[in-house]
Amino acid sequence: MGAGGTPSARASAPTPAAPHRHRATALHPGAWWLWALSLGTAATRTTNPLLLALLVAVSAYVVVTRRPHAPWSRSYGAFVKLALAVLLVRLLFTTLLGSPIPGTHTLLTLPEVPLPDWAQGIRLGGRVTAEGLTFALYDAMKLATLLICVGAANALANPSRLLKSLPGALYEMGVAVVVALTFAPNLIADVHRLRAARRLRGRPDRGVRGLLQVGLPVLEGALERSVALAAAMDARGYGRTAQVPARVRRTTAALTLGGLLGVCAGTYGLLTAAGGTYGIPVLLAGVAAAVAGLWLGGRRTVRTRYRPDRWDARAWLVTASGATVAALLLLAAARDPAALHPGVIPLTAPTLPLWPAAAVLVGLLPAFVTPAPDPVSTKEPS
């Protein structure tokens, strides 16, 4: 319809205010990381495969419903594949090198390689029992679940927005961490883009040959991205610091170091029975001193924040849901360790404890209190 296009095209065209609305309603990226790390903490407190599978299902559902349409959000599948690789490698090592868990249910017997006397305690081959494989599976599922939770944080939290939210004292270290965290998503996006281009040209994109021919362009793109990032950081004055008095620098160093030592001592007190009386006060004092040190250290960094992300009520709800899962699993591990750590001798089927499972389901709250990602905009031809 002339220069203005069809009414449907005009309706589907994005308005300039759309990015501003999305930024105003987007969740703080730190809340996603705290939620995912809390689920990972809960995973470290149990070896029950049913609870671990429930944690994976909770994180996967939140990722599927709230993952934005961005290149860096496509790394969740890679973390799932890495978790499966961890399971397979652990089971393979248990099969070939044996397991310290004795068992009576023999699955197969491999030819055993005799080893010298100095290699006592190590064997190659021999008897493979169901108890040993089950123990290895339970233990590997704990690490696999932790990897999947980290993958959920990578898929949900915008790394550049997370960098903007760091305290000034951690800005330089945060840049290095964010660059490291964005390496995997960018690498995966490059691989998908190059494989799609090779398929369009009728060239192989699988197998050893396809991997070798895709690897060189991916490496070249990573190097170009590194050079461009270094130039952009240098142009923006990265690394400049303000002049602060020596007294403030000494106070900052003392508070930060003392706070970290207090956090370590308080955490040790909480993990031991003898330190239960002083653990919480020392931990709180250490956290307060570390926060004060970081606040003073931020005065050395000369930078401004353009449209900083707000920590609103939804961020508190998302963080509280993950912290609730971790706290309830810690409580369940202390009160009923047998339910969270099923035994393999004798070999029995694991059972799903009801109230720890209900506690894990609290982690689904972000799927209902956070805004849905913006749909992919498609323009109709005029």
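Q: Which side chain of opposite charge is nearest to Glu131, and how far away is it?
A: In this predicted model, the nearest side chain of opposite charge is that of Arg127, which lies 6.5 Å away, and Glu131 is buried yet has no salt bridge. A salt bridge would need the charged atoms to be within 4 Å.

Q: Where does Glu131 sit, and which residues does it touch?
A: Glu131 belongs to helix H6, which covers residues 130–156. Leaving aside residues up to four places away in sequence, Glu131 touches Ile101, Pro102, Gly103, Thr104 and His105, together with Val344, Ile345 and Leu347.

Q: Switching to helix H5, what span should it have, and how far apart are its end C-alpha atoms?
A: Helix H5 has 22 residues, 76–97, and at 1.5 Å a residue these should span 32 Å; the end C-alpha atoms are 31 Å apart, which agrees.

Q: Which residues of H5 are buried?
A: The buried residues of H5 are Tyr76, Phe79, Ala83, Leu87, Thr94 and Thr95. Looking down the axis of H5, these buried residues fall within an arc of 165°, so they line one face of the helix.

Q: Why would residues a few places apart point the same way?
A: An α-helix has 3.6 residues a turn, so residues three or four places apart point the same way.

Q: And what about the other side of H5, and what covers the buried residues?
A: On the other side of H5, Lys81 and Leu88 are exposed. The cover over the buried residues of H5 includes helix H4 (49–66), strand E1 (106–113), strand E2 (124–129) and H6, and H6 is the helix in which Glu131 is found.

Q: What follows H5?
A: Gly98 follows H5, and the phi of Gly98 is positive, near 85°.

Q: New topic: where is Thr267, and why does it count as partly exposed?
A: Thr267 is found in helix H10, residues 246–271, and it counts as partly exposed because its relative accessibility is 33%. The C-alpha atoms of Thr267 and Leu283 are separated by 6.5 Å, although these residues are 16 residues apart along the chain.

Q: Last one: how many helices and strands are there, and what share of the residues is buried?
A: The protein chain has 15 helices and 2 strands, and buried residues make up 34% of its 382 residues. Among the contacts with a separation of 6 or more, 79% are between residues 24 or more positions apart.

How values were computed:
Residues are numbered from 1 along each chain as its sequence is written. This is a predicted model: local features need pLDDT of at least 70, side-chain atom pairs count only at pLDDT 80 or more; totals for chains, interfaces and linings use all residues. Side-chain values use heavy atoms; hydrogens and water are left out. Helices (H or I, at least four residues) and strands (E, at least two) are DSSP runs, numbered from the N terminus. Buried means under 20% relative accessible area, exposed over 50%, partly exposed in between (1.4 Å probe, protein chains only). Lys and Arg count as positive and Asp and Glu as negative; His and the chain ends are not counted. Contact means heavy atoms within 4.5 Å. The expected span of a helix is 1.5 Å times one less than its number of residues. The arc is that of the directions from the helix axis to the C-beta atoms.
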